Amino acid sequence: KNITEQLSIERSRQIEQNRKILLSIIKTIILCSRQEIAFRGSNNYGNVMNINDFNDGNFRALLRFRVDSGDTMLGEHLKNGPRNSLYTSPGIQNDIISICGEIIKSKIVQRVNAAECFSVLADETRDIGRIEQMSVCLRYYDQKDKKIREDFLEFTPAVDRSGKGLATLIMGCLQKNSIHCQFLVGQGYDGASAMSGYLHGAQEYIKKDFPMALYVHSSAHSLNLALANACSL
């Protein structure tokens with residue numbers, strides 16, 4: 001075969017090999033995510049295959065475990081691959097986690113839109129950086145599994161914590177994720193006036209645009225209030 005064909009075959013072989021290597025790394029990242037274990041240790045540098053006295057994290061340890069279990073292609077890549085494209089850096093880990101998150105979110109949105117009937121659940125809390133984070137979840141009927149589901153959609157910073165500001169934030173989150181808001185039939189929040197107020201609460205502003213979206217005080221929050229009050233008696 002001529003030079004061009006040989007180069008093309010070699011390039012195709014290299015692409016296929018890189019995909020198999022990346023698949024091993026992605027599976028390791030998904031394993032850590034599913035098991036909810038930390039990725040990185042106190043020292044996260046150097047060649048992955050070098051066994052050190054310090055703990056370099058679960059992700060790197062699991063990669064070595066894969067190699068020990070017979071993943072020779074990954075082992076060769078980690079030992080002799082180019083330093084600038086090992087696909088094991090914290091930045092690459094975060095990129096793959098974000099991509100996995102987007103895929104999961106897209107599947108949730110597809111199920112919600114197929115249900116043609118859903119409620120939005122939201123609450124906010126301050127994170128370690130003193131930023132108010134709004135947690136947005138969706139409750140809907142999964143036609144495939146024939147059951148009610150509640151799925152987390154995303155965190156979004158809440159700068160304007162007035163009723164109108166929170167309503168705008170919630171609806172913006174739904175619209176940004178291509179959710180068909182005409183199917184919104186319920187709202188579930190805590191009893192704070194900014195969320196539940198019948199004049200200027202978030203639920204009232206949303207109900208003006210979507211009259212079917214009835215507000216229900218979160219059952220979990222009601223139970224928490226009842227227990228807290230009972231404990232003080």
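Modeller: Gladly, and one definition comes first: buried means under 20% relative accessible area, exposed means over 50%, and partly exposed lies in between (1.4 Å probe, protein chains only). This is a predicted model, in which local features need pLDDT of at least 70 and side-chain atom pairs count only at pLDDT 80 or more, while totals for chains, interfaces and linings use all residues. Residues are numbered from 1 along each chain as its sequence is written, and side-chain values use heavy atoms, with hydrogens and water left out.

Colleague: How many helices and strands are there in the protein chain?

Modeller: Helices (H or I, at least four residues) and strands (E, at least two) are DSSP runs, numbered from the N terminus. Read from that end, the elements run α-α-α-α-β-β-β-α-β-α-α-β-α. The protein chain therefore has eight helices and five strands.

Colleague: What is the radius of gyration of the protein chain?

Modeller: The radius is taken over C-alpha atoms, and the globule rule is 2.2 Å times the number of residues to the power 0.38. For 233 residues that rule gives 17 Å, and the chain is well over this, so it is more spread out than a compact globule. The C-alpha trace spans about 75 × 50 × 35 Å along its principal axes. The radius of gyration itself is 24 Å.

Colleague: Is Q133 buried or exposed?

Modeller: Q133 sits in strand 2 (residues 132-142). Leaving aside neighbours within four places in sequence, Q133 is in contact (heavy atoms within 4.5 Å) with D123, E124, T125, D127, F155, T156 and P157. Its relative accessibility is 18%, so Q133 counts as buried.

Colleague: Which residues does the network of salt bridges that share partners join?

Modeller: Side chains of opposite charge can pair when their charged atoms come close. A salt bridge is a side-chain nitrogen of Lys or Arg within 4 Å of a carboxyl oxygen of Asp or Glu. R149 bridges to D142, with the closest N and O atoms 4.0 Å apart, and to D151, with those atoms 3.2 Å apart. Salt bridges that share partners make one network of R111, D142, D145, R149 and D151.

Colleague: Which residue forms a salt bridge with D71?

Modeller: The whole structure holds 13 salt bridges. D71 is buried, with a relative accessible area of 17%. The closest N and O atoms of the pair are 3.7 Å apart, and the partner, partly exposed at 26% relative accessibility, is R66.

Colleague: Why is the pair of Y189 and Y215 stacked?

Modeller: Rings of Phe, Tyr and Trp (its six-membered ring) pair if their centres lie within 6.5 Å; planes under 30 degrees apart count as stacked, over 60 as edge-to-face and the rest as tilted. By this rule there are three aromatic pairs. The rings of Y189 and Y215 have centres 5.9 Å apart, and the pair is stacked because their planes are at 25 degrees.

Colleague: How many residues apart are Y189 and Y215?

Modeller: Y189 belongs to strand 4 (residues 184-189) and Y215 to strand 5 (residues 214-217). Y189 is buried, with a relative accessible area of 0%. The pair links distant parts of the chain, 26 residues apart.
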